[in-house]
Structures are given as structure tokens and as C-alpha cells.
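My notes follow in the order in which I looked things up.

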Amino acid sequence: MANLALILIGWMTAASLSMWLLPERFRNDYFAAVSAIFLFYIAPASALWLLLGTLLVYAYMHGPVSHAVGRPLLLVALFALAFLAGREVTSSPDAALFAPWGEERLIALSGIAYYTCRQIHLVLDFWTGRLPPIALRTLLHYQFFGPTLFVGPIHRFQPFAAQLPQRRFDAERLFQGGERVLIGLVFAVVIGGYAFDYRLRALLPESATGFFGLWLVSALDWIILYFRFAGYSSVAIGLAAMAGLRIEENFNLPFLARDLADFWLRWHMTLSQWCRDYVFKPVLALTRRPVPAVLAALIVLGLWHELSLYYFLWGIWQALGIVLSRFASRRLEAWGVILPDNPGAQLLRFACIFSWLTLAQPMIKTIFGGAV
Amino acid sequence: MFESIVETLPGTNEAEKDAAGFYAGIQAAARAGSVFAIFEDGRMAYAELDDQLRRTVGFLRTLGLARQDRILIQTQYERHAIVLFVAAFLEGLVPVLLSPDTPDDRVSSIARHIEAGHAFIDRHLFLERAWLRERPATIVGDEAPRSTLLERLRRHVPGNAQSLYPGCLAASEALAPSCCSAEDDLAYILFTSGTTADPKGVMITHGNMFSHLATFRRLFGYDRHSVLFNNMALGHADGLFQGPILALYSECLLYRPQPFEMRNIEKMFARVREHGVTHLVTVPTILALLDAYTDSPDYFSAPEFRYLFSVSAKLDVGLWQRLEARFGKPIVNIYGLTETVTGGLYALPEHERRSGAVGIPVDMEARIDGGGDSGELMLRGSAVTPGYFRNGPATDALFVDGWMRTGDLAHAYADGAYAIIGRLRALIMCGGFNIHPEEINEVLMRHPLVVEAVSVGIEDPTWGELPVSVVLVSEPISESDLATHCRQHLEERKCPKRILVEETLPRGDAGKPQLSRVAALVRTRLNENRASSSAVDAEKIVALAATVFKVSPETLSLETTPENTKGWDSFSHITLVATAEEAFGVKIEARKIIAMSSLRDLFDAVVAARALVRS
């Protein structure tokens, strides 16, 4: 029962080791080519769309110079629509990884949730002047980077490209990367998959449907999601390290968050930072008002997971949380209430954060009932 | 604690080399097929270096020079400069290497002062210098120069020019250098201080150089597997000694990429890994830029990387600790002067990072003048220069009872470490280069309308200090005219950043301008300028940000980013933009607000918006 994750790990490890046999100037090409072959083999439609999208980005960067918003907006809309349409065939961003080998329906457009974000990042960074026009070869090295193709992180171009020329064989990094992959697998498969999803879920009553039942299920879902997702992120980061590159972290001890906004900068960081830079900031810059900007960012964050009314409401709920928690901390500050910096206070903080996060499911389902 | 570290180091006598050993090392590396250097334009193998050295020796022997004759070298071709320099000192001659941008009148004054037996000078410099025509000289340049018709006609003028180096080597015999120098013979002379009227050439003997090389090799483990990254100017002690000389002595690889600039800084540090660098030598200014503008924790993480050196200027303790924490590798501060070859006091990784502490003396005796805790730092040891070339008064002033005065005020700690707390010499230290204010003053005074000129160093967070001059003039003249004048007669980095025209100067009892009060005057003037102009200025941006983020302005600078500022979250971002827009009466484009990731970005956006409003 081989699953995609294990095959990916094997394939990428082989690529990471064999690339050093080649002359230096071909290594980056080789690694991208090996990644591309893998994607073409398991999800040809996805690979073709990624290639086409990369060519469009390239054409935009090397086309006539203009600060007008028209072309970037058109490209962003195209990428976003393709992604939403792709949702019809790929049910969730992580489906591919959890799917048994051979379930083509689930993996037809695998990776699209991640590379769409990378394409939009390239377009908007170029438009805002944070990126120069980039050579097609380098764009392909970036987009066809096997370790992060299927489950992120949504790594950025700048730090990635800066490392390409200094890629070299480094035994220490290779072993550290391997270690990271193994730890990631333990997190995702043993703790998240077996212990929580398989064993612990079985202990829940069959009919956990009341408000508190739903809340309990929701809390368990979040914990499982943490272990699975942080685990697979570790696998990706480890594979990247084995290939000689350092990729952004995706989780930064989310239980140490000080408020909801801080939580989102520690949880699936590359996605929430992406939402901050490419949804929140543009909306903020255009409207000059923070509340609509937070709302837009969190709704996009929700819809990224699934195009549904439920996730739309989920986004509003999380945005409401951030606005309320900011309002509350302002009030507390004005009244001179300062929470001390000790483990007890942090536990209290996190209890509040976790309650709000997990309340989304029971609240939405209870209020809207069958409509969602 | 520090004594014990020094005691555990192996003795100095072990494997010490002299000129003969130095050359034998080059030959051994050549036989082993090692690469000597990677320059921006390609590699140079030890075998190629050896061949060029021997042919250069053959060429030098045809010039009829006597032992210890001075050879002037001024070329932008680094590989030729290195070969000429090494061939000359191995042959018992005294090379004098000058930066390619040394102005003409200074070069000519130095050439006269040292009575150069021969000069090796770039073509374009050669053609411009009438004084060279009276001297034996060789043009340095690559074969088959693309000369214009005018140049070809003018080429007949320098009749004394022997030939073109290295083209002339094809016809010369390859001979082993004599390597017969005594310990007190001069190895080289460096002119990094003094003025055109009073040149001060620091004499470095073979004894100085080889004892210092042994110290470096012992302290920092240089060997044939080392890869030394040093792209500092060859005309300076730190670029020359801790560069090619140390690399050749250790038979290792020297990596000399182009000099650091703002836009390439990230790329340059990325090459540390690529080339397997083990030792990197740079100045605090570059480290400050590394700290402010890059964020990879990864430049020095390769297992072979051993030491990051900070030389030439004071390393801020905060910067020191931040970078050591970020990279997890020690930064070794080296304190020394051209007069001590290059080092003297070293802050090794084991040492405590104390404010102002520059290190402990190794193979060098140090004491405080007068014997107290604080006072002028005095040094004595095998690496200390015998003095300035043919300059008795300056040499006499340098020594007191056999101890060399450093001109730095120091504090001695009980454990043997020293901190530099001030400076006795009038010296401006800007980005790792020493600028002698007299040199600027001398140039300004040469302008027909300037009556008097005083130059001082004004503190700057990135550069350490920036040179600013104050002048009295006989007729009104603009600052830009004076600046143009300076650029014609001074190296770019020595030109004052501002030249203020004043009515009077604050003077002491003897009528001499008082430097501390001149500096205070300059600060006041610069502040007045800021306050009176409606121009967008950094301080105002920082002040606005401080009110928005509710922090003290001292904690902010243009380099402030959301990552290093507590109050700068996604919400206050827009408040900051709106506040700045209101304060400066501009409207900032949406795409700039999105891209903004530091106060400098805000500053640039406001400046650009202002320009738009005006046009």
C-alpha cells in the first residue's frame, strides 16, 4: 500500500544523491527535470498547467514595462480561477498525500494549491518591484522543485534563488535532512495518523453531533491536522535540505502564540504570510481599512482549503476572532491589565486561542445547520 | 584566563619560514598542482605563479638594480601586482605598492621620496604622468592593447618605458629568486598615512613580516587546505598581508572576488559556501550591512568554515553579538596598525565579548603609557616597524623608550585584555579606512579661494565616521565646486561628505582650531540644515514611526523592519503610511505600500511621491 508520500521521498532522495555526479552547471536543471518527470508521471494535467503558467509569468515579466494593474490582475485572476476550478477534481490541498497510490481523481491536479500561490507571488512581487525579470530557466528551477511540489511550504523565490548558486554536496546537511524527513514521518504517520486519527478517534462516541460533541471532534481535527501537516512540512523541508537547499519553516510552535493574529503567523506560516502579503496588504493598500483587509485575507485562507459556504463562513469566523482579540487587547491595555509572562498565563492565552479556533465548526454547523 | 590560552598555544619557533622557505612553499604547491587564487576574471595556479615569478626575477635582474632598491608598483591588474610584489621582496628589493586610485601628485611625491629604482605603472597612468618620463619604468597591461591613434602617436613620448609587463616576460630568463635577505632588510614599505608634503612610509622588515606570519598561522590554523576570502584593497595592510602574503605563506587558496557593494553583498557572502571558504577577512562596515540587509543564517554554516575576522576598525559589541548569535560562528576581532604589520591584539572566540574590548596581545607586549589602567596603548614586539622610511622626525615621534605609540587611548583589564576608549591621533575612521584629516585639509588648501580648512569625523551608524570639512574662504564659492576640487586630488573614499563654508572657526588659546568644537559646530550645522529644509528626511520618518509604534525613536532606524519591531504589525502598517502621507502631503501608490518592508522603503516611497507632486 504505497502512498504518494513514500514514493516521493524515495524519488527525491535518489535525485538528491545522483545530482552530485553531474557537472555543476547542470545540477539545478537536472533536479528540476527529475521533479518535472515525477509530476508529469503522476499528474500530467497539473504538470502541463504549471508549465503553461510559468511560461505566462515569464512572458509577463519580459513583456512591455508597465506599472498598470491590468495585466497582473488578469494573471492573478486566471491562476485563482484555474485553482478553484481544479477543486472540482482535487478535493483538498493535501488529498494527494493521504491518498493511496492509484486514486487518480484525487491527484489529478496535485500541487495546484501550492504552485498557484507561488505563481501569484511571482506576479505581484514583479509588479510591486520586488523582483526583476527572471530567466525562464531559473523560473523552472523554482517551480519544478520536487520537495515542495505536493504539500508546500509555499517557499518564496528570493531566498530560493539566492541559494541556487551555492548548492553543493554537504554530507552534514544531507544527514540532517534525512533525519528531518524521518521525524516528519513519525509526526504525520505515527502520531497524527495512527495515534490520534485511528486510535483516539475511535474512542469518540459514534453520535458526537451535539454542540459539544462537534466541538470535541473539531478540537481533535485541529490536533490531527497539526501533526499531519507539520509532519509533512518537515518531510518537505528535510527533502529540500538533502537537495542542498534551505526552505522556509511552516510551523513555529503555534502553542506559544500570544493572540489569534500571532497564531496565524505561526501556523502554516508560508500560507498565512502569503495571505498577508498578497491579500491583506493589497486590500489594505487599496481600501486603507484594516477590517475589510483581515476579512478578505481570512476568507481567502478558508477558501484555499475548500470552495464551500462552510469555509467562507469559517474565514469570517476567524477574521472576527482577530478583530475581537485586537479590540480586547487594546481595551485591556487601556485599563492597564497586563498578563504576566509565565507558563500559566501562556496556557490561558492558548486556551482562549484554541477555543476560538475549534469553535468555528460547532458554531457554524449549529447556526446554519443543514445549509452548510 | 587569557594567559592560559596563550600558554597552551604551540611555540613560535615551530615551522617558521624565511624568504627561502616562503619560496620553497610556493614551489611545493606548484608541484602539487594547487590553485593559488581565484580572481574575478579567473584562476591562477601556483605553477603559473611560480613561472611568472621566476621570469619576473629574470626581468628584474636585467634592470641593474641594487639590493634594497625601491620598486614602485601601481596597477589595477591584481595578479600582476601580486607577482611583482612577491618577486621584488624575494629578490631583496623593496616593493612599494600603491592603490590604483592614488592621485598623481601623491604618487609623484612618494616616487621622489623613495627614489624609486624602477616603476611598474598602468598604461593610462603612465601616459598622464610627465614626471615618469625621467624615471626608468615599465608599463603594466595586457598584451595587444586596443590603442587609439592618438595613443599610438603619444606612445613615442615615453621613450624610457622599457616594455610592456607581462609581455616582456616571454623574452626573459626564468631564474629562482635570490631569497638572501637578512632579518633587518626591508620586505616592503606601505604608504597608508602621511600627507603629500610629509609622506610616511611604514617600513616592514623581513623579520617583522615572517614573525607575524608565524603568529597568524599558529593562531588561526592556516594550512594548505585553507581557503582565504579577502577582497580588501591590496594597497592596504589588511588586504595585502592577510591576503596574498598569508595565502602564499600557508600555500593555500586565496579567493579575491570584486569588492563588496550594497547590491552584491548577499551574492558575495553566498559564495563563501560555494568556494569552501575557511577564513574570511572583512571590516565592520560590511558586517553592519550584512546585519541590516541580509537575513540568511546560512552563509557560514559549512563545516569547514572556521573564522570570520573583523579588521581595520572598531567592531560594535551589539553587532558582534548579534552576528555571532545569528551565524553560530565566532567573529575574531583583530586590532593592529600598519605599523605592526597588521595585527597585535586578538579577540579569540574564547574571550568574553566586552564593550570596547579589542582583544589580548599575542606575540606582542602591550602596556598603558604611564602604567595606569587607562592611557595611550603602547606596543613592543617583533612585528613592530622600525619606523617611517627616511622620515626621522616622524619615526622619533612614534617611539618612546623603545615602545611604539599607537595613538589610541585604551583601558587595560586585569585579565590582559584591552579596550579602546578613544583616540589621540587626529584620524577619521570611515568604513575600515583611515583618513588623515591633514590630507583632506592639504587638498582643500590648494584651492585658490580657500584660506583655511579643518576636517573632522562625524559619527555614523554604518560607516563608523564620515569625513566633513569646514573651510574659511576669501570669496564666496559653492560646496559643489569644492567637492569637485577634492575629487580631482583625493581618492574617492577620502573625499569629505560635506564641505561647510564658515565665517570663523572655534579656536584655542594658541589660535589653532579646536577639533572637538569644530565637530560640535558641524553637528549643529547639519541639524540646522535638516530642520530648516522641508525635504523628506530620515529622522522625521523615524520619529513618525516611533509615534505610530509607540516606541522610543532611538530604537528605530531606516533599517527597521516589521520583523525587528514590536509595534509594527499588519494593522499599524497602514496607520504608518497614512501618517507619513499626511505629514509630507503626498499620496503613496498602492503597489509601494504592498512592497514596503522597511522604514527605508517608506522613505523612498515618500521621496518618489514628492518628486511626482513637484513634476
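I began with Pro166(B), which I found in the loop between β7 (161-165) and β8 (186-194) of chain B. The model is predicted, and in it the peptide bond leading from Tyr165(B) into Pro166(B) is cis, with omega near 5 degrees. Chain A has a cis peptide bond as well, between Gly152(A) and Pro153(A), where omega is about -5 degrees; Pro153(A) sits in the loop between α9 (146-149) and α10 of chain A.

Staying with the backbone, I noted that Cys179(B), in the loop between β7 and β8 of chain B, has a positive phi of about 50 degrees although it is not a glycine. Is Cys179(B) buried or partly exposed? I put it down as partly exposed, because it has 17 C-beta neighbours inside 10 Å, and a buried residue would need 20 or more. Arg288(A), also not a glycine, has a positive phi of about 65 degrees and belongs to the loop between α14 and α15 (290-305) of chain A. With 16 other C-beta atoms within 10 Å, Arg288(A) is partly exposed. I kept in mind that most residues other than glycine have a negative phi, and that most peptide bonds are trans.

Next I looked at hairpins in chain B. Strands β17 (365-368) and β18 (374-380) of chain B run antiparallel and are joined by four bridges, with Ala366(B) standing opposite Leu379(B). Five residues lie between these two strands, and Gly370(B) in the turn has a positive phi of about 90 degrees. β1(B) and β2(B) are likewise antiparallel with four bridges, but the hairpin that joins them passes through two residues; Phe39(B) has Gly42(B) as its bridge partner.

I then followed α3 (46-61) of chain B, whose 16 residues reach 22 Å from first C-alpha to last, close to the 22 Å expected. Its buried residues include Tyr46(B), Leu49(B), Arg54(B) and Phe59(B), and the buried set packs against α2 (19-31), β1 (35-39), β2 (42-45) and α4 (78-90) of chain B.

Last, I turned to the interface, where 24 residues of chain A are in contact with 19 residues of chain B. On the chain A side, α10 (157-163) and α14 (269-287) each supply at least two residues, and α14(A) gives the largest share, seven residues. I recorded that side as 11 nonpolar, four polar and nine charged residues.

Note on methods:
Residues numbered from 1 in each chain as written. Chains lettered and ligands numbered in written order. Predicted model: local features only at pLDDT ≥ 70, side-chain atom pairs only at ≥ 80, totals over all residues. Contact = placed C-beta atoms within 7 Å. Nonpolar A, V, L, I, M, F, W, Y, C, P; charged D, E, K, R; others polar. Pairing = 2+ DSSP bridges. Expected span 1.5 Å × (residues − 1). Buried ≥ 20, exposed ≤ 12 C-beta atoms within 10 Å, placed from the backbone.
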